[in-house]
Amino acid sequence: MLLGALCVLLLAGGLPWGGVEAVYGGGLMRVLGGLAGGAAMWAAWRLSAGHRLRMLVGLIALFFVVSGVGVLLHCGEKALHCASLGGGMWFGAVGMGCLAVVGVLFSVIFGYLAHLCLRVEKLWLAVAHLSIVLVVAGTFVDVCCEERLAVTRHVGVPSVVHGKGADKLAPFEVEVKDLHVERYASSESYTLLVHRNGRWLPVAVAKREGASIRCGQEVWPVEKLRALPGGEGRYLALPGSPVRVLVQQPGQVKEYRAVCRLSPMRGEGEARDVTLRVNHPASWDHWQIYLMNCSADGRRVQLLLRRAPGRPLVFAGLLGVLLCCFAWAFRDKRSTQA
């Protein structure tokens, strides 16, 4: 019943029509989350009856398993980044790769120890409930201590980040050095406009054929198109009377990429360049930097800076739920009475 009520609230906050995001942080959601965490704690206590010492040892082993996965993800990402730079950074890539291998060994060795400790009937299920408690605890920490700073940056203009609704600064500076917009080439369209009675009227639709654009019997090379001043797309002014213009409508956006430079306040420390994509944030000193939106002319970028201290707890809890449910579902039932 608690899970059903939580699902109803999640749908109420996330529906495209009538959804209210504030539902997620409302009082009812907090009460239900606390009740669900308490129920999961009680279930773990009941399921582990008679084997609580084994469960404690298994929890310690699972802690090292989750730590190994974290080391693998972090060091693996650093190794790939160093390898992409090439040159002398290959030594750094090898070093980070070795640390990633250590993370794998940690996960395998302590995973086997956790299996030996938790293979008793229902212990995996008990630890899965404790993992749910971790997720609830991390969520409550974020509700109480999370910081969000919504900022707007002009491309190529360095400035200090100021938070909306707060009189404090983020502990670093953000400069958006460049913005790349990648579009689907197949969705481009060309319109032929004619100037009549003081207005531009569309008279035909042109099609691209390789390096040329065709409209009826007329053909124009694509390379002659010029960028529209103050807007997206390109155009080509055509000779003759009445005045005609061929306008390219930009295709649908495939991806936004913002190249940002992150540097500490007052220049104390080393700056770092990162590339932000939608749903692919960057990290800096316990903060997550998200790319939210950009203006049509590509001159302004909206960013969200978020510091969530409960994020490690939520990550560990979710990983614990996945591992425990997998192990419980595929357990060897002949050894559950060991």
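Predicted model: local features only at pLDDT ≥ 70, side-chain atom pairs only at ≥ 80, totals over all residues.
**Group meeting: strands, helices and a pocket**

In strand E10, the bridge partner of Arg-234 is Gln-248. Keep that residue in mind.

Tyr-190 stands opposite Gln-248 in E10. Those two pairings bring us to the strands themselves. Strand E9, residues 234-238, pairs with E10 in the antiparallel sense, over five bridges. Strand E4, residues 189-196, pairs with E10 as well, again antiparallel, over six bridges.

Is E10 mostly covered or mostly open? Mostly covered.

Step back to the whole chain. It has 338 residues, and 31% of them are buried. There are six helices and 15 strands. Take the contacts with a separation of 6 or more. Of these, 56% join residues 24 or more positions apart.

Now the helices. H5 covers residues 123-145. Several of its residues are buried, among them Leu-123, Trp-124, Ala-126, Val-127 and Leu-130. Further along, the buried set includes Val-133, Val-136, Gly-138 and Asp-142. What covers them? The cover includes H2, H3, helix H4 (89-118), strand E15 (300-307) and helix H6 (311-329). And the general rule for such a helix: an α-helix has 3.6 residues a turn, so residues three or four places apart point the same way.

Ser-48 lies between helix H2 (27-47) and helix H3 (52-85). Ser-48 touches Leu-123 and Ala-126, and also Met-55. Is Ser-48 buried or exposed? Ser-48 counts as buried because its relative accessible area is 0%, under the 20% cut-off. Its side chain has a polar atom 2.8 Å from the backbone oxygen of Ala-44.

Which helices supply at least two lining residues each? H3, H5 and H6 do. H3 gives the most, with seven residues.

Last stop, Arg-272. This residue is found in strand E12, residues 272-277. Arg-272 is classed as partly exposed because its relative accessible area is 31%, which falls between the 20% and 50% cut-offs. Which residues does Arg-272 touch, leaving aside those up to four places away in sequence? Cys-260, Arg-261, Leu-262, Ser-283 and Trp-284. Take two of these in turn. Cys-260 is 12 residues away along the chain, and the two C-alpha atoms are separated by 8.3 Å. With Ser-283, the pair to look at is its backbone oxygen and a polar atom of the Arg-272 side chain, which lie 2.4 Å apart.

To close, back to Gln-248: it is the bridge partner of Arg-234, and Tyr-190 stands opposite it too.

Conventions. Residues numbered from 1 in each chain as written. Heavy atoms only, no water. Buried < 20%, exposed > 50% of the residue type's maximum accessible area, 1.4 Å probe, protein only. Helix = DSSP H or I, 4+ residues; strand = E, 2+ residues; numbered from the N terminus. Pairing = 2+ DSSP bridges. Polar contact = N/O pair within 3.5 Å; in protein donor to acceptor, adjacent residues only side chain to side chain. Contact = heavy atoms within 4.5 Å. Expected span 1.5 Å × (residues − 1).
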